Every structure is written in C-alpha cells, then in structure tokens.
Number of protein chains: 2
Amino acid sequence: MRISELSERSGIALATIKYYLREGLLPPGERTGPNQASYGGEHLRRLRLVRALIEVGGLPVATVGEVLAAVDSPDLPLFSLLGVVQGSIAGPPPPAPDAEWDRAAAVVHAEMTRRGWDSKPSPEAIDTLTSVLVRMAQLGYPDWGTTVLPTYFDSARVIAERDVADAFAAGGREDIVDAVVVLTVLGDTALAAIRRIAHAQVSLELLGDQPA
Amino acid sequence: MRISELSERSGIALATIKYYLREGLLPPGERTGPNQASYGGEHLRRLRLVRALIEVGGLPVATVGEVLAAVDSPDLPLFSLLGVVQGSIAGPPPPAPDAEWDRAAAVVHAEMTRRGWDSKPSPEAIDTLTSVLVRMAQLGYPDWGTTVLPTYFDSARVIAERDVADAFAAGGREDIVDAVVVLTVLGDTALAAIRRIAHAQVSLELLGDQPA
C-alpha cells in the first residue's frame with residue numbers, strides 16, 4: 001500500500017508517519033518509483049506498537065528506539081524483552097536508601113520470599129512498592145505492609161495471570177509487546193477506577209443507604 | 001502545647017502551620033497570652049489530615065477547605081462524606097460521550113448490574129473506567145471489557161473489603177477520611193507496582209528462566 005493508505009488504515013497522520021520514518025522508528029517501505037514506496041502489514045503492526053509506546057506508555061522517542069531494537073533482536077528471549085519493556089515504562093527512580101527504607105524493603109522481601117517469587121526481574125516495581133511502604137509509615141500507617149499488603153499480592157496474582165494469558169494470546173513478539181504496554185498502562189487506570197467503585201460499594205453495604 | 005511543639009510533633013514546618021492557620025485549614029488555638037496560643041490533640045489530627053489531602057491527595061488548598069467543611073458537618077452521613085472525599089481526589093472529567101462511549105458505558109453498566117452494585121456513588125470512577133474501555137477498543141482490544149474486566153472486578157472487590165475494613169478501623173470521622181485519602185492514593189501506586197511484580201513472576205513461570 002502507499003503511504004497515504006498506511007495513514008488511513010492506521011489512523012495516524014501522514015506527517016507523523018514521515019516523522020517516524022525519519023527517526024528510524026518505522027523501517028522504509030519498498031521503493032516502487034523515484035518518489036514512491038510501498039508499505040505492508042508489518043508497517044501497520046509497527047506503527048501500532050510505536051503509537052502504544054509513545055501515547056500509552058509515555059515513552060520519549062529515543063527510548064522507543066531502544067525498545068524496538070530489543071523487539072528486533074531475535075536472540076533476546078521473550079522474557080528478557082518484556083523486562084526491557086516494563087523497565088522502560090516504569091516511573092522515576094526512588095530516593096536513596098536509609099533505615100526506614102531498609103525496614104520497608106525487608107517487609108517486601110519477606111512477602112516475596114514467602115510466596116517463592118523471584119525479585120530479580122522487577123527491581124523498579126519493587127523499589128516503587130518499597131517507597132510506598134516508607135511513605136505509609138511516615139503518614140502513620142506503619143503496619144500496612146503486614147496487614148493489607150498480602151491481600152494486594154493475592155489479588156494482583158489473580159489479575160496478572162489473566163493479563164499475561166491475554167497478552168500472550170496476542171500472537172508474535174511485536175503484538176505481545178504492544179499488548180503488554182497497553183494492558184499494563186491502561187490496566188493501571190482501570191484497576192484504580194474499579195477499586196474506587198468497589199470502595200463505594202463496600203462502604204455502601206457496611207454503612208447502609210443513607211441520605212446525601 | 002505551644003505552636004513550636006505542634007510543629008515538632010507533627011513534623012510540619014512552623015511556617016506551613018502558620019499558613020494553614022491563615023487559610024483557615026487549622027482552627028486557631030486557645031489564647032493563653034497576648035501573643036500565645038495553646039494547641040491540642042485535635043490540632044495534631046487536623047494537621048495530619050490536611051497534609052494527607054495536600055501532599056498525598058494532591059488537592060488545592062481551596063478544595064481542602066471544602067473537604068474539611070464536609071468533615072466538620074455532623075449531619076452529613078459518613079457515606080456521603082466519603083463520596084465528597086473520593087470525588088475530590090478523582091482525575092479530570094472524561095471526554096464528551098459518542099457512540100464508542102455509549103458502547104463502553106453499556107459494558108461497564110452490565111458488569112455492575114450483574115453484581116448488583118450501585119452505580120450512583122461513584123460516577124467519576126465509572127467515567128474513568130468507561131474512558132479506558134474506549135481507549136482499549138481504539139487501540140485494538142475491543143473485547144477487553146468482556147474477557148478481562150470481570151477478573152479485575154473480582155479482585156478489586158477483595159482488595160476493597162480489606163481497604164475499607166482497614167480505613168474504618170482508624171477511629172473517628174477525621175481519622176477515617178485521612179485513611180481513605182492515604183490508602184486510596186498510595187494504594188493505587190502499591191497495587192500498580194505489585195501487579196508489575198506479579199506480571200514478571202507469572203511470565204517467568206510460563207516462559208521459564210531464560211538467559212538475559
């Protein structure tokens with residue numbers, strides 16, 4: 001197909017596609033004339049992934065290039081590839097460790113060990129979780145990590161099994177990475193919203209239907 | 001206690017406390033001299049709540065004033081009070097409804113109805129969830145709302161029961177509101193992080209321990 005059809009079918013503006021071509025995020029089409037090139041299904045798929053990484057994952061263009069390089073390395077195992085993807089969409093690094101940090105990190109470590117979970121593949125998420133426990137303690141909830149945290153782990157496990165089954169059903173490496181980005185980022189927002197809905201429902205059941 | 005001790009025990013800077021006093025977020029202390037006032041436990045509790053609303057909930061000072069007014073209205077039922085709190089820490093409003101929106105809203109509505117959940121108390125969260133479903137469909141995941149969403153609802157319910165039990169155990173109205181803000185906002189971050197940890201663990205189990 002021509003670049004105009006690629007734009008139409010992907011829903012991405014022509015100028016944006018040309019920008020992705022210049023930045024090397026999209027491989028060049030097959031030359032069919034002095035000023036024309038032909039694009040195929042692999043361009044459509046790549047465009048979709050680039051858009052997911054930029055618009056949904058919030059990645060800068062340079063980082064998108066790194067993720068695509070990992071997608072295109074046939075020797076990189078899928079598990080390592082997903083580590084690159086998850087690391088790239090993680091938040092900012094945590095503050096420097098201190099005594100409070102060490103206490104919180106020990107709680108997280110104990111919870112993971114008890115479940116036989118490997119902590120190596122997700123250092124960023126473990127740091128984020130540790131920083132939440134530090135903040136909870138500072139704000140007056142020092143026991144949250146032992147009272148509530150296990151329930152979060154149980155439920156997250158159920159959700160993750162569903163997420164991963166869904167993402168892996170997507171097909172090839174590129175489709176799986178696209179699914180991981182979209183389902184991770186939008187899934188966060190969905191889960192936060194559903195948790196609020198459930199908070200309201202549970203409170204309603206406990207407190208009864210009272211006048212506003 | 002004097003204002004200097006209030007600052008020491010709350011960990012909040014003297015200048016910040018004086019600012020809260022000027023803005024009416026903290027009631028004045030009991031006058032004990034021409035230039036002195038005495039503060040008590042209720043000031044400590046109020047300071048803690050104000051800090052949770054501003055630092056954790058990200059609320060502007062004007063909105064903090066509205067939430068405190070609701071806390072201080074003895075005739076407002078706790079359930080309605082929590083609605084004011086959750087509404088104040090919700091995100092921006094969703095885009096205008098269209099056909100895609102209506103389809104997504106119907107999926108959310110069906111899921112809630114099937115569970116016998118009341119949709120009135122959480123309009124903001126339902127709008128956020130609907131906007132996620134719209135975005136999922138636009139990005140190529142039109143079935144997410146029927147395949148994955150029910151699992152999210154199941155797990156969110158388990159988490160919410162634990163959250164609400166924890167928040168309601170906090171004591172009086174003010175303590176409960178503090179707990180709701182802290183546990184809602186920090187809980188989002190914690191849950192997102194744990195979901196990533198669980199993603200890595202489930203992928204590891206499915207794909208095996210492969211070289212990096």
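A residue is called buried if 20 or more other C-beta atoms lie within 10 Å of its own, exposed if 12 or fewer, and partly exposed in between, with C-beta atoms placed from the backbone. Keep that scale in mind for every stop below.

This is a predicted model: local features need pLDDT of at least 70, side-chain atom pairs count only at pLDDT 80 or more, and totals for chains, interfaces and linings use all residues. Residues are numbered from 1 along each chain as its sequence is written, and chains are lettered from A in the order in which they are written.

**Stop 1: chain A**

Select chain A. Ten helices and two strands make up its secondary structure; these are DSSP runs numbered from the N terminus, helices being H or I of at least four residues and strands E of at least two. The order from the N terminus is α-α-β-β-α-α-α-α-α-α-α-α. The C-alpha trace spans about 70 × 45 × 30 Å along its principal axes. Of the 212 residues, 39% count as buried.

Colour by pLDDT, the predictor's confidence in each residue, from 0 to 100. Chain A averages 87, and 94% of its residues score at least 70. For the model, ipTM is 0.78 and pTM is 0.78.

**Stop 2: the axis**

Show both chains. Now pick A:S155.

**Stop 3: the interface**

Select the contact residues: 63 from chain A and 63 from chain B. Two residues are in contact if their C-beta atoms, placed from the backbone, lie within 7 Å. On the chain A side, α3 (41-56), α5 (78-88), α7 (123-138), α9 (149-168) and α10 (173-207) each give two or more residues. The largest share, 21 residues, comes from α10(A). By class, this side has 39 nonpolar, 13 polar and eleven charged residues. Nonpolar here covers Ala, Val, Leu, Ile, Met, Phe, Trp, Tyr, Cys and Pro; charged covers Asp, Glu, Lys and Arg; the others, Gly among them, are polar.

**Stop 4: helix α9(A)**

Zoom in on α9(A). This helix has 20 residues and reaches 28 Å from first C-alpha to last, close to the 28 Å expected. The expected span is 1.5 Å times one less than the number of residues. Its buried residues include A:Y152, A:F153, A:S155, A:I159, A:R162 and A:D163. Their cover includes α6 (99-115), α8 (144-147) and α10 of chain A, together with α9 (149-168) and α10 (173-207) of chain B.

**Stop 5: two single residues**

Go to A:P142, in the loop between α7 and α8 of chain A. A:P142 is partly exposed, with 14 other C-beta atoms within 10 Å.

Finish at B:L78, in helix α5 (residues 78-88) of chain B. B:L78 counts as partly exposed because it has 15 C-beta neighbours inside 10 Å. Leaving out residues up to four places away in sequence, B:L78 touches A:L207 and B:R173.
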